[in-house]
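Visitor: Could you walk me through this one while I have it open? I'd like to start with the helix packing and then jump around a bit.

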Amino acid sequence: MLPLKSKILLIVSLTVFLAFGVSWYLLYSVVKSAIVRQNTEELSRQTALLSISLANGGVEKLNEDFVRWEGILRGRVTLVDSLGAVLADSAKDPALMENHLGRPEVRDALEKGEGASIRYSDTTKMYSLYFARRVLMDGNPWVLRAAQPLELLTSVYGNTRNRFILNLLGGIVLILAFGMWLTRRVFRPLDRIVDSAGKIADGGEIRFPLLAEPELQRLSESLDRMSARLRNALDELRSEREDLSLIVTALPVGVILLDEGRSVRYLNRVAEDLLAVRGVVPQGLPVERILPSGEMYGLIQSAPGEEELCGTFCLPGRGGRYLQICSRKTATGVLLVITDLTEARRIEQSRRDFIADAGHELQTPLTAVRAAAEYLLESDWEEEDRKLLATILAQQERMTRLVDDLLYLSRMESEPPRPATEEVRLEALLSSVVEENRRHPFAGKIRFSEDFPREALVLAPGQDLARGLNNIVENSVKYVHEKFGDRAGGEIAVSLRRSGDYWSVLVEDNGPGISEESASHLFERFRRGDNSRARGEWGRGGYGLGLAMAKRILLHAGGDIFFHPKEGGALFEILIPAKERQGK
């Protein structure tokens, strides 16, 4: 592509060339028109005189006049009949000449009375003017034509053309020289501005030059202000990047930033340690080169738009290290956050092992305590002593249930979920759970209501599911009794309805309710609905394992449990995957 200077020179040169060409054409047209008009008038007079001679003496007299007027005519005279045959000519033998009916001036003369035309002869290298006049001989139209070479027109054309070419060449040279000088003078300030902009782009801190031209000076000042703002923005950006780099480096988690092509743009030291990366990772390295597992790359490929996608991976080659990788799409790629879960997994496993070991170890002394208490009860004791022995048995049963719950919960947390194959009629199971809680010692004045469909099939371990549902309903029974005691007014409603691919079980009560603070920890171990409440009767309250066990049971069955806050009570929603009956 031509630079701007060359384009300007080319445009100016073409403009000068067109101006010279138009001027030469107009000048030549004016001169040509004047010469042709003058010679046409002269030939018109000659043909008028020759027509008189032809009318008085015929063709013979005309031939004599040709000889007598040879020096006056300065050209050639031809007589043509109405059919185009040449009857007489002052320069050639008429018998040897071709038919002239096709000549334009002859046709015009026969039709209009007069005709004229200009033709260039390649033989004489000259223009000639032909003028024809119609004359009547014996009632027939003849044409008397005179031709005269336009020596002046030919000379003028040649001279003006040569001078035009010389002047054009000289003008182009002058224009090029002037254009180069002008463009250099005009573009010199712009070149200085461009040079300054290039130095600023390379990192230099200079000001744009002061210029004499007001327009260019305003441009220079505007560029100066823009350059200052750009430097400030770059300084702020550099400072923010340094701060962000320090923050990311100090984070206890690994951070990897990828571009749109899934190549590494940045990773911190923690990420290098967690992924066991050796050596320096160059920018632009494909991320699969540093990932120790192909499953991790699948997590990157399926990164959603706005939501965060996480996965946990085990690296057996590094001592069984567990890593959690969360991926999120950014405007320019994908952000990976890597968290080391090894220590948390080890602590969780130690806790489960401790609970299992402690539970098994406690079974023996608890059994011995129960055996001793039962043996003592068989003897004769005072009433007060028998009450103490009954209390020992009640607390032993309570501690045994606690150990059983801990062992069961530990087993549920350690075993992976397995697909259930047992078909359970959920409405029948719920009916038995409600009926069992009607016989609960605290449910004497509580009114139960049921709303179940005729059939609700699920695939789930029936015994575990019954235990989880019973824990939820029993939890409502305890808290409704805490509010109403032995008074009437307590209500528990259990309903079952279809919700998409799930059966939804709703357990609603009008007990004291659960605070917002307690609701967020409701399904954790050793968390009760309201820790501030003391147990109404010694040894009556639970240890906060019932809802945690119910949560685990439902998760293993492919469902879940949710707490919905409500005024004057509590509402639990249980979702269990539905099973369609075959043949429907």
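Visitor: Which hand does the crossing of α11 and α13 have?

Guide: The crossing of α11 and α13 is left-handed, and in this predicted model the two axes come within 9 Å and cross at roughly 145°.

Visitor: And which residues in α11 and α13 meet there?

Guide: From α11 the contact takes in Asp 464, Leu 465, Arg 467, Gly 468, Asn 471, Ile 472 and Asn 475, and these meet Gly 546, Leu 547, Met 549, Ala 550, Ile 553 and Leu 554 of α13. Sorted by class, the residues of this contact are seven nonpolar, four polar and two charged.

Visitor: Which residues in α13 are buried?

Guide: Leu 547, Ala 548, Met 549, Ala 550, Lys 551, Ile 553 and Leu 554 are buried in α13. Just after that helix, Gly 558 takes a positive phi of about 90°.

Visitor: Switching to strands, in what order do the five strands of the open sheet come?

Guide: The order is β7-β6-β10-β9-β8, with antiparallel pairing. The edges are β7 (264-267) and β8 (309-315), each of which pairs on one side only, and neighbouring strands of this sheet are turned by 20° against each other on average, direction ignored.

Visitor: How many bridges join β6 to β10?

Guide: Six bridges join β6, residues 254-259, to β10, residues 333-340, and the two strands run antiparallel. As one example, Ile 256 has Leu 336 as its bridge partner in β10.

Visitor: New topic, Leu 291: is that residue buried or exposed?

Guide: Leu 291 has a relative accessible area of 12%, and it counts as buried because that is under the 20% cut-off. Leu 291 is found in the loop between α6 (269-274) and α7 (294-301).

Visitor: What does Leu 291 touch, leaving out residues up to four places away in sequence?

Guide: With those left out, Leu 291 touches Leu 275, Met 296, Tyr 297 and Ile 300. Leu 291 and Leu 275 are 16 residues apart in sequence, with a C-alpha to C-alpha separation of 6.7 Å.

Visitor: And Ser 449, where does that one lie?

Guide: Ser 449 lies in strand β12, residues 447-451, and at 31% relative accessibility Ser 449 counts as partly exposed. Not counting residues up to four places away in sequence, Ser 449 touches Ile 492, Ala 493 and Val 494. The C-alpha atoms of Ser 449 and Glu 491 are separated by 7.9 Å, although these residues are 42 apart along the chain.

Visitor: Last one, for the chain overall: how many helices and strands does it have?

Guide: The protein chain has 13 helices and 17 strands, and buried residues make up 37% of its 584 residues. Among contacts between residues at least 6 apart in sequence, 56% join residues at least 24 apart.

Key: Residues numbered from 1 in each chain as written. Predicted model: local features only at pLDDT ≥ 70, side-chain atom pairs only at ≥ 80, totals over all residues. Heavy atoms only, no water. Pairing = 2+ DSSP bridges. Helix = DSSP H or I, 4+ residues; strand = E, 2+ residues; numbered from the N terminus. Axes fitted to C-alpha atoms, helices over the stretch in contact; angles between N-to-C directions. Buried < 20%, exposed > 50% of the residue type's maximum accessible area, 1.4 Å probe, protein only. Contact = heavy atoms within 4.5 Å. Left-handed = near helix turned anticlockwise from the far one by under 90°. Nonpolar A, V, L, I, M, F, W, Y, C, P; charged D, E, K, R; others polar.
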